[in-house]
Amino acid sequence: MLNVVLPVFGLILAGYAAGKTPIMRPAAASGLSNYVLYAAVPALLFRTLSRTHLAEALDPGAIAAYFGGGLLVMAASYTAARRGLGLKGDQAGVFAMGGVYGNTVLMGIPLVFTLYGDRGLLIFSNCMVLNSPLFMPLTTLLIVASRAGAGGASPLKAALGSARETVAALARNPIMIAIALGLVASLLGWQPPKAVDRVLEMLAASAIPAALFALGAGQAGMEVKGDWREIAAMSAFKLLLHPLLVWLIAAWVLALPREVTGVLVLLAAMPVGINVYLLARLYDCGVASSGTAMIVSTALSLATIGALLAAMPVPG
């Protein structure tokens with residue numbers, strides 16, 4: 001497993017080191033991330049899904065296991081934030097999202113594709129289709145309901161307004177668009193012309209190394225600060241409790257195939273994702289702790305994911 005894990009984290013470290021030098025300034029790191037999110041990863045997902053029968057791509061068991069575990073973690077982390085850490089409702093909402101929302105694109109896709117190939121990306125697509133549409137509106141609801149309640153406004157009205165904004169943002173998300181187009185192409189049995197497919201193939205080939213390098217470069221420019229109790233607790237929920245509960249549901253409750261369980265647990269073990277930090281910035285709550293938790297959990301995931309892969313059977 002070291003031959004898989006070390007190159008992945010080696011690219012992240014290379015990106016981080018480059019981000020600390022003039023050759024990869026914040027604007028350059030942002031440009032590389034945009035290339036990954038708007039071109040390379042969408043090409044990879046579209047090519048994979050469009051070449052697959054729709055019945056193979058959709059897996060209700062995988063959806064139930066991943067999001068069942070995720071909702072339990074979100075409830076547990078919100079309760080711990082309120083009662084254990086004494087956070088306000090809006091801060092607890094961000095904390096709860098940090099316990100369940102991982103870096104599934106920049107880090108999850110490279111690991112899943114390296115270990116499980118195209119089949120792994122099909123399982124991944126089941127999680128990605130609902131990941132942001134479920135957890136981002138839930139977090140928004142927790143934040144705005146808490147603030148509306150404190151200010152005497154209607155929590156429902158505030159939540160509905162934020163939900164509309166979230167839906168509009170998801171409709172413009174290139175990852176979601178690529179998954180949707182890939183599924184439609186699969187359903188219709190359509191394949192792009194050879195010349196177009198060759199362009200998509202070259203873009204897809206760059207997705208893995210570019211995503212990992214961009215992840216490291218992006219984190220190089222972030223400050224390490226915040227409440228270390230919150231940071232440690234958020235990292236523990238994300239790196240330990242989330243994969244544990246997903247594994248229990250997938251392997252023991254639903255008895256899913258080993259390959260499906262492996263992909264789901266691996267995705268659940270991803271460190272805190274950037275969207276947690278971005279949502280915290282949007283609502284100006286838990287910004288420092290969520291940003292630092294992303295950096296710390298990414299560093300710690302070298303050990304936790306390495307241990308996980310050593311314990312799980314992986315194809316090949």
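Predicted model: local features only at pLDDT ≥ 70, side-chain atom pairs only at ≥ 80, totals over all residues.
Begin by selecting helix H2, residues 26–50, together with helix H9, residues 194–220. Two packed helices are described by the angle between their axes and the distance between the axes. Here the axes come within 7 Å and cross at roughly 140°. H2 is therefore oblique to H9, since only angles over 145 degrees count as roughly antiparallel. The crossing of H2 past H9 is left-handed. Colouring the contact of H2 with H9 by residue class will show 20 nonpolar, 3 polar and 3 charged residues.

**Leu248.** Next, select helix H10, which spans residues 228–253, and locate Leu248 within this helix. Leu248 has a relative accessibility of 33% and so counts as partly exposed.

**Two residues with positive phi.** Most residues other than glycine have a negative phi. Select Ala255, in the loop between H10 and helix H11 (258–268). Although Ala255 is not a glycine, its phi is positive, at about 50°. Ala255 has a relative accessible area of 58% and is therefore exposed.

Finally, move to the loop between helix H12 (274–283) and helix H13 (287–311), where Asp284 lies. Asp284, also a residue other than glycine, has a positive phi near 55°. Its relative accessibility is 64%, so Asp284 counts as exposed.

Technical notes:
Residues numbered from 1 in each chain as written. Heavy atoms only, no water. Helix = DSSP H or I, 4+ residues; strand = E, 2+ residues; numbered from the N terminus. Buried < 20%, exposed > 50% of the residue type's maximum accessible area, 1.4 Å probe, protein only. Axes fitted to C-alpha atoms, helices over the stretch in contact; angles between N-to-C directions. Parallel < 35°, antiparallel > 145°, perpendicular 65-115°, else oblique. Left-handed = near helix turned anticlockwise from the far one by under 90°. Nonpolar A, V, L, I, M, F, W, Y, C, P; charged D, E, K, R; others polar.
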